Amino acid sequence: MNIKIKKIIPLDKFIDKSLYNKDYGYYMKKNPFGEKGDFITSPNISVLFSEMVCIWIVSLWKKLNKPEKINIVELGAGNGEMMFNIIKTSKQFLFFKSVCNFFIYEKSPYLKKIQKEKLKNFKVNWLKKLNQINNGPTVFIGNEFFDSLPIKQFIKKNNNWFEKYVDTYSKNKKFIEKKINIKKIEKKIGINISKDQKFIEFSPLMFQLIKEISNIINKKNGGLLIIDYGYFNKKMFDTLQSVKKHKKTHILNNVGNSDITHLLNYKLIKEVVKKFKLKTNGLTTQRKFLIKLGIIQRAEIISKNVPFSLKVDIYYRLKRLIDNKQMGDVFKVMFISNKKINFKLGF
Ligand SMILES: C[S@@+](CC[C@H](N)C(=O)[O-])C[C@H]1O[C@@H](n2cnc3c(N)ncnc32)[C@H](O)[C@@H]1O
């Protein structure tokens, strides 16, 4: 599918159009999840993943002194698999379940439809805007959410900073660079993002959403759990990638037909969070997080008294989630809360 506009546009606008244009955007017309799709996410690999997330939320609720009302908001729910299993697992904790309000914040009308069908037997509300939440502590969960937000890239050359743009005029789309004033951008966001960097990836939308989430958490308590591809080092590098049928493709080709993601720089997120007066309570790998929550013991329990082939499948899927060569290390987990909370479960 060809991008419809003929323009020179900043990289983040290009990504936004490729993924979310209402006519040809990648997330607007097909279900990319699963072995047969373009990629597979943790909730679609094993139900154990969402069970661990649910147990983590129940424990946080206890830490918050079991409030009589708690909002659980999934950011970008894909095919609805994680929310489905979180609600199902919450039935094991009846009092907790009775005080929960479940919400999904989803941009794609196409995926919203799939989510509504999947969750039709549960009470879930879809949020148009995050600030619709104005009552009670709120726990935000984003699995592979922030990595799907559009980013800008800035490059330093001979002490000058340039922003990456995409030229969609020419038949073969190409990247071009435009000189920018990085100080002006830094003043606007209030963070010195260029310090010790030669290359920057920055998502204005991520910044805006964390700002909105921080407002809610600061006022009403709760937290934000991020589970996503990413790295801890301060030094940033080019992490943009495009994936089709589980294989990497070129980002400028296959517009609308391949996913575009990047790795989160958790150091930068930490700075953004600090700016909005929240703190990071913990930062670890998916492997450590899931093991601390008891995923191996849970696999042992559910694989008792089942046929051997099912047992093999349970452990095969578990390995995909926690093996350091698979999703165990490249996925990181971060918990963000207000300064009063000290909750380290899983970290
Ligand atoms: C990579 S998918 C992950 C889906 C799911 N969390 C999972 O783990 O299977 C990203 C999800 O975030 C949604 N999304 C991306 N940008 C969004 C935005 N700005 N607001 C709301 N949802 C968004 C996408 O439509 C999609 O549902």
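Modeller: A crossing of two helices is left-handed if the near helix is turned anticlockwise from the far one by less than a right angle, and right-handed if clockwise. This is a predicted model, in which local features need pLDDT of at least 70 and side-chain atom pairs count only at pLDDT 80 or more, while totals for chains, interfaces and linings use all residues. Residues are numbered from 1 along each chain as its sequence is written, and side-chain values use heavy atoms, with hydrogens and water left out.

Colleague: At what angle do the axes of helix 8 and helix 9 cross?

Modeller: Two packed helices are described by the angle between their axes and the distance between the axes. Helices are DSSP runs (H or I, at least four residues), numbered from the N terminus. Axes are lines fitted to C-alpha atoms over the stretch in contact, with angles from 0 to 180 degrees between N-to-C directions. Here helix 8 (residues 204–220) and helix 9 (residues 266–275) have axes that come within 10 Å and cross at roughly 40 degrees. The two are therefore oblique to each other (under 35 degrees is roughly parallel, over 145 roughly antiparallel, 65 to 115 roughly perpendicular, the rest oblique). Their crossing is right-handed.

Colleague: Which residues make the contact of helix 8 with helix 9?

Modeller: Contact means heavy atoms within 4.5 Å. Helix 8 contributes Met206, Phe207 and Ile210, and helix 9 contributes Ile269, Val272, Val273 and Lys275. By class, that is 6 nonpolar, no polar and 1 charged residues. Ala, Val, Leu, Ile, Met, Phe, Trp, Tyr, Cys and Pro count as nonpolar, Asp, Glu, Lys and Arg as charged, and the others, Gly among them, as polar.

Colleague: How does helix 3 pack with helix 4?

Modeller: Helix 3 and helix 4 (residues 81–90) have axes 8 Å apart, at an angle of about 55 degrees. That makes helix 3 oblique to helix 4, and their crossing is right-handed. The contact includes Val53, Cys54 and Ile57 of helix 3 and Met82, Asn85 and Ile86 of helix 4. Its residues divide into 7 nonpolar, 4 polar and 2 charged.

Colleague: What is the angle between helix 3 and helix 11?

Modeller: Helix 3 (residues 47–63) packs with helix 11 (residues 295–302) at about 125 degrees, with the axes 10 Å apart. Helix 3 is thus oblique to helix 11. This crossing is also right-handed. Leu48, Phe49, Glu51 and Met52 of helix 3 meet Ile295, Arg298, Ala299 and Ile302 of helix 11.

Colleague: Which residues come nearest to the ligand?

Modeller: Of the 21 residues around the ligand (a heavy atom within 4 Å), Tyr20, Thr41, Gly76, Glu106 and Asn143 come nearest. A side-chain N or O atom of Thr41 is 2.6 Å from a ligand oxygen atom.

Notes:
Polar contact = N/O pair within 3.5 Å; in protein donor to acceptor, adjacent residues only side chain to side chain.
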